[in-house]
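Here is a friendly briefing to read alongside the model. Please keep the 3D view open as you go.

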Amino acid sequence: MNIVRTSVEIGGKTIWFETGKLAKQASGAVVVGCGDSALLCTVVMAGGNQPFDFLPLTVDYQDRNGASGTIPGGYLKREGRASERETLISRLIDRPLRPLFPKHLRQEIQVMVTAMSYDRDNETDVLSVCGCAAACHVSDVPMAEACAAVRIVRVDGALVLNPSYDQRQRADMDLVIAGTATAITMVEGGAQQVDEAIVLDAFDLASEAIGKIVACINDLRAQAGRAKVTIAAPKALDADALAGVFAKGEAGLRDALKIPGKHERKAGLKAVRDGVIAELVAGMDSEKVAGFTADCKEAWEKLVRKVMRQDVIETGIRLDGRKTDEIRNIWIELGAAARAHGSAIFTRGETQGFVTCALGTDMDSQRMELPSGKADRRFMLTYGFPPFCTGEAKRLAGPKRREVGHGALAHRALQAVVPDKSEFPYVIRVASEILESNGSSSMATVCGGTLAMMDAGVPIKAPVAGIAMGLVSEGDKFAVLSDILGDEDALGDMDFKVTGTTKGITAFQMDVKIHGLPRAVMAAALEQARVGRLHILGCMNEAIAAPRAELSAYAPRITTIKIKNDRIKDLIGPGGKTIRAIQDACEVRLTVDDSGKVEIASTSGEATDRAVAMIRELTQEAEIGALYVGVVKRIVDFGAFVEIFPGTDGLVHISELAAGRVDKVTDVISEGDEVLVRVIDVDRAGKIRLSRKAALGTAL
């Protein structure tokens with residue numbers, strides 16, 4: 001057994017890689033670790049090309065409860081389908097890894113990560129990227145070079161590399177940055193309204209650390225790497241097809257590109273392409289037509305890319321006629337759903353989102369089981385992308401990885417401005433349904449989510465807007481594109497999304513398709529994004545300038561009262577019987593915590609008042625000097641026990657029954673009588689002493 005181990009110090013912690021010990025039948029297997037976190041990362045490449053026109057790569061990250069010393073919840077007591085966290089980490093690994101494989105590779109590749117040990121001070125997402133890159137690099141799978149990822153947070157104004165759990169909790173910026181030894185290729189993270197310059201500084205710090213990790217992975221390959229599989233070069237296009245399409249198609253292509261509508265432009269481009277191909281294959285031997293036509297279609301895609309990019313660089317005019325920094329037309333409608341607590345339709349060009357906001361109580365919070373522990377999520381956001389939004393008809397299934405990822409980005413963007421529970425005691429759920437899509441639907445969700453919450457009366461810290469940016473570069477020339485279309489995303493060199501307020505950034509996501517992105521280009525893109533974001537915020541401000549002062553009539557009103565800790569059991573009752581009875585009788589929702597804080601949620605003020613009265617009656621306590629009308633429950637030789645309110649009684653001693661001497665208690669009162677009494681003492685044990693004599697004296 002030839003076990004090879006390498007290590008590197010990042011941010012004061014040691015990251016190590018080991019191969020040759022576990023999963024030796026995989027094409028490549030590496031264990032990566034830091035502190036007490038350890039992950040097994042494997043890659044397998046199947047033999048034989050698959051009939052796909054894309055790279056058949058799948059990435060799966062798997063948390064394991066045993067790794068954190070916990071037992072799964074639920075009946076089956078085993079791990080089930082991928083959680084949101086596992087899906088997001090899988091996407092995080094895929095994005096920097098995928099561009100490193102040959103684009104024409106058609107052999108199926110599966111990358112898997114299994115958590116072996118989990119230490120919350122050393123989060124496993126960035127380790128997974130590094131471990132998978134190492135597994136692919138030491139394997140025989142053809143990969144151009146290694147990549148790596150690091151986490152950078154800002155704590156008390158200072159940037160911290162490879163932070164602890166506590167530092168992450170206190171940070172006002174949390175970024176995961178991935179790249180190769182020479183270029184940053186992916187960024188994902190959130191912030192509390194930080195300045196763009198801080199993000200650029202984080203990039204500089206990350207670049208150096210990524211270079212060190214990549215060098216460590218290269219060392220691992222030098223000692224234990226397998227020879228790479230040689231794959232055939234992509235088939236060269238027929239020279240006549242390439243020349244013919246470029247010669248005959250450019251004029252018609254330029255005219256079709258000027259068609260404003262997405263589907264109309266697509267139909268126009270297809271008509272021109274088909275016309276050119278028909279002209280080129282006229283009179284050709286029928287046996288050669290199919291192959292020649294396929295080459296013509298591929299040549300056409302090359303021509304589209306060339307012309308679109310050339311026009312943007314040379315003229316500054318884009319597919320839909322906009323300038324590079326121009327934002328599409330925006331229109332907004334609030335209150336689109338009458339029964340929703342808040343709602344908005346946000347439309348930007350041919351991208352449209354319908355977003356609702358619902359308010360609930362603590363009972364509606366999302367209970368999550370994470371490797372770092374159990375948690376309650378009080379702010380939730382979901383993103384839906386139905387097939388009709390792109391004019392397609394597809395089978396409906398559960399949320400896909402893309403939908404989970406876009407929802408997480410929008411959630412991160414808005415989480416920064418959601419009020420604390422102490423300011424706004426509601427659980428908030430924002431739901432976005434994309435009705436039309438032509439680029440940047442996740443950013444429409446951010447804008448629509450802000451508007452829906454403001455329409456619902458949520459006192460957010462500041463409105464948030466989002467914008468998707470693109471880049472086209474040719475040699476030393478480049479153009480940054482604001483508010484990109486879907487086609488510009490596909491044909492461009494970069495896709496990055498920035499969300500924020502007027503003060504700064506709240507979320508950031510970037511994927512770079514070219515090798516290397518100069519700091520000056522990134523700075524220019526961030527500044528153009530900031531200007532675009534401010535424009536969108538201005539449009540949103542015209543629709544609604546501040547959160548509504550009143551909640552919807554259909555939203556629950558939460559009233560908070562306090563009871564003593566030792567009375568919580570009285571409110572809950574045996575098996576929850578009492579609290580359920582109050583909820584059913586008053587049609588309210590009640591929650592009570594260990595401190596004795598009771599929240600009553602109802603859309604009716606009258607129902608709330610009834611519930612408060614019932615709770616007060618059930619949990620009230622005797623006050624010294626206070627008068628009560630009680631019922632005699634039991635008579636003894638030395639006095640009578642009087643119930644002054646449900647579940648609470650006190651003793652009226654025989655000497656306190658009347659002003660004169662009383663020989664027998666029954667000479668004055670009988671069981672079942674209503675009597676006026678005054679509380680004269682409550683001892684340390686909670687026993688109450690009552691006086692009828694003192695009460696009658698007051699009454700007289």
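**Helices, a loop and some backbone angles**

The buried residues of α7 pack against α6 (239-257), α8 (286-315) and α11 (486-491). Helices (H or I, at least four residues) and strands (E, at least two) are DSSP runs, numbered from the N terminus. This is a predicted model, in which local features need pLDDT of at least 70 and side-chain atom pairs count only at pLDDT 80 or more, while totals for chains, interfaces and linings use all residues. Residues are numbered from 1 along each chain as its sequence is written, and side-chain values use heavy atoms, with hydrogens and water left out.

**Helix α7**
- Buried here (under 20% relative accessible area, with exposed over 50% and partly exposed in between, for a 1.4 Å probe and protein chains only) are Arg265, Gly268, Leu269, Arg273, Val276, Ile277, Leu280 and Val281.
- The 20 residues of α7 (262-281) should span 28 Å at 1.5 Å a residue, and the end C-alpha atoms are 29 Å apart, which agrees; the expected span is 1.5 Å times one less than the number of residues.
- Just after α7, Gly283 has a positive phi of about 80 degrees.

**Helix α9**
- Of the 15 residues of α9, 11 are buried, so this helix is largely enclosed by the rest of the structure.
- Among the buried residues of α9 are Glu403, His406 and His411.

**The pair α14 and α15**
- The axes of α14 (577-586) and α15 (605-619) come within 9 Å and cross at roughly 150 degrees; axes are lines fitted to C-alpha atoms, for helices over the stretch in contact, with angles from 0 to 180 degrees between N-to-C directions.
- The two helices are therefore roughly antiparallel (an angle over 145 degrees).
- From α14, Thr578, Ile582, Ala585 and Cys586 meet Ala607, Arg610, Ala611, Met614, Ile615 and Leu618 of α15, where contact means heavy atoms within 4.5 Å.

**Thr361**
- Thr361 sits in the loop between β13 (351-360) and β14 (366-370), and its 4% relative accessibility makes Thr361 count as buried.
- Neighbours within four places in sequence aside, Thr361 contacts Val427, Ile558, Arg589 and Ala601.

- Ala23 has a positive phi of about 50 degrees although it is not a glycine; Ala23 lies in the loop between β2 (13-19) and β3 (28-34) and, at 34% relative accessibility, is partly exposed.
- Gln193, also not a glycine, has a positive phi near 60 degrees; Gln193 belongs to strand β10 (184-194) and is buried, with a relative accessible area of 17%.

Notes:
Parallel < 35°, antiparallel > 145°, perpendicular 65-115°, else oblique.
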